[in-house]
Amino acid sequence: MTRLVTVKVTVLVGGVGGAKFLQGARERFGSTPFPEATGDPGEHSVTAVVNVGDDAWMHGVRICPDLDTCMYTLGGGIDPERGWGRAGETWHAKEELAAYGADPDWFGLGDRDLATHLIRTQMLAAGYPLTEVTAALCNRWRPGVRLLPASDTRHETHVVIADDDGDRAGDAAGDGIRKRAIHFEEWWVRYRADVPTFGFAQVGSGPDGTGRAEATPAVLSAIEEADVVFLAPSNPIVSVGAVLSVGGIRGALRRTSAKVVGVSPVIGGAPLRGMADRCLDVVGLETSAQAIGAHFGARSGNGLLDGWLVAEEDADTAVDGVPVAAVPLLMTTPTHTAAMIDAGLELVGLA
Ligand code: GDP
Ligand code: CA
């Protein structure tokens with residue numbers, strides 16, 4: 001058994017589930033006392049590698065839903081009921097945009113939130129990479145963990161759906177169904193994931209405008225130099241999955257000497273709050289801790305996991321080559337979540 005004195009923890013996260021998990025990590029390991037993306041992480045430190053698959057341009061501003069959910073939650077600015085966006089929000093800009101008939105009219109763009117997007121968009125236009133923009137925004141919010149976008153270049157999740165108006169992309173698959181691709185946010189927020197859906201695709205490019213998005217050097221070293229990496233109980237397909245599909249991240253997880261521990265977002269066969277089961281359906285996975293654990297796979301095989309934490313309700317879960325522990329997985333308070341993290345450390349022999 002190795003007892004870690006100083007710990008570098010890296011967590012792959014999405015939005016709401018990821019942010020709650022990070023609150024537990026901050027509770028367990030303490031605040032990371034620097035807001036900058038670069039700089040010495042010090043002793044105990046928590047770094048989050050945040051999904052950028054949901055990022056989108058709307059009304060001329062760049063929106064990064066998962067980065068903002070993590071930043072507002074940890075920085076004390078989140079609306080606690082909605083779980084996203086700013087507390088004390090007003091919606092005047094959204095109403096005015098709607099009065100002009102501006103598209104999209106289904107996106108919740110709050111007035112307070114808009115200030116964040118304006119700053120981000122200005123900095124991006126001035127040539128700052130998203131990693132530095134995020135660090136600058138975190139200078140205000142002081143989240144106490146280092147928030148790193150998984151990539152500095154575009155890596156958006158798009159969703160292939162049936163096209164009922166028939167005049168867009170054709171029947172390329174030859175299955176008699178016309179299809180088109182929409183941004184994940186439109187599928188999730190506007191259509192509530194409730195339209196005939198055929199698959200997800202990452203749309204983006206590398207820094208030179210070609211190829212696919214690559215992980216930043218900061219992300220790669222956060223994974224490679226960590227003592228332990230957690231896959232948060234975030235959506236396994238469009239949050240953790242979208243992070244894993246950024247070039248270089250899977251390789252870094254396979255290479256790192258850190259133990260990699262996954263935490264199930266599904267308890268007793270159902271996701272918490274939300275429609276993660278819709279995403280699992282689309283890729284043909286059952287909504288179960290077993291199926292998600294097997295999907296991530298064992299690091300001793302071709303997969304990623306050294307340990308898989310499941311809920312007590314799912315105690316019969318067995319995943320080939322992966323030690324499994326069943327513990328309470330409801331993130332009701334940061335203290336409860338910190339206990340989950342301890343169970344994860346114990347599972348891989350680090351506590
Ligand atoms: P999003 O980007 O805002 O959709 O959030 P994430 O992808 O980070 O997290 C969504 C996932 O968090 C859902 O699939 C939920 O099942 C999971 N989740 C939310 N609350 C809890 C909880 O208390 N415990 C566990 N184990 N999972 C949770
Ligand atoms: Ca998200």
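Buried means under 20% relative accessible area, exposed means over 50%, and partly exposed lies in between (1.4 Å probe, protein chains only). Helices (H or I, at least four residues) and strands (E, at least two) are DSSP runs, numbered from the N terminus. This is a predicted model, in which local features need pLDDT of at least 70 and side-chain atom pairs count only at pLDDT 80 or more, while totals for chains, interfaces and linings use all residues. Residues are numbered from 1 along each chain as its sequence is written, chains are lettered from A and ligands numbered from 1 in the order in which they are written, and side-chain values use heavy atoms, leaving out hydrogens and water.

**Exercise 1. Find out why strand 2 is largely enclosed, and which strands pair with it.**

Step 1: Check the burial of strand 2, residues 45-50. Six of the six residues are buried, so the strand is largely enclosed by the rest of the structure.

Step 2: Look at the two sides. Ser45, Thr47 and Val49 point one way, while Val46, Ala48 and Val50 point the other way.

Step 3: Find the partners; two strands pair if DSSP finds at least two bridges between them. Strand 1 (residues 8-13) pairs with strand 2 in the parallel sense over six bridges. Strand 5 (residues 146-149) also runs parallel to strand 2, joined to it by four bridges.

Step 4: Pick out valine 49. Its bridge partners include leucine 12 and, in strand 5, leucine 148.

**Exercise 2. Describe the surroundings of ligand 1.**

Step 1: Collect the neighbours, where near means that a heavy atom of the residue lies within 4 Å. There are 20 residues around ligand 1, and the closest are Ser234, Ser239, Pro265, Leu329 and Met331. Helix 1 (residues 16-29) gives the largest share of this shell, with four residues.

Step 2: List some distances between N or O atoms.

- A backbone N or O atom of proline 265 is 2.6 Å from an oxygen atom of ligand 1.
- For leucine 329, a backbone N or O atom is 2.7 Å from a nitrogen atom of the ligand.
- An N or O atom in the side chain of lysine 20 lies 3.3 Å from a nitrogen atom of ligand 1.

Step 3: Ask how much is covered. On its own, ligand 1 has 600 Å² of accessible area (Shrake-Rupley method, 1.4 Å probe), and the protein covers 90% of it.

**Exercise 3. Is serine 151 buried or exposed, and what does its side chain reach?**

Step 1: Locate serine 151 in the loop between strand 5 and strand 6 (155-162).

Step 2: Compare its relative accessible area with the cut-offs. The value is 1%, so serine 151 is buried.

Step 3: Follow the side chain of serine 151, which reaches the backbone oxygen of glutamate 214 at 3.0 Å.

Key
A polar contact is a pair of N or O atoms within 3.5 Å; within protein, one must be able to donate a hydrogen and the other to accept it, and residues adjacent in sequence count only if both atoms are side-chain atoms.
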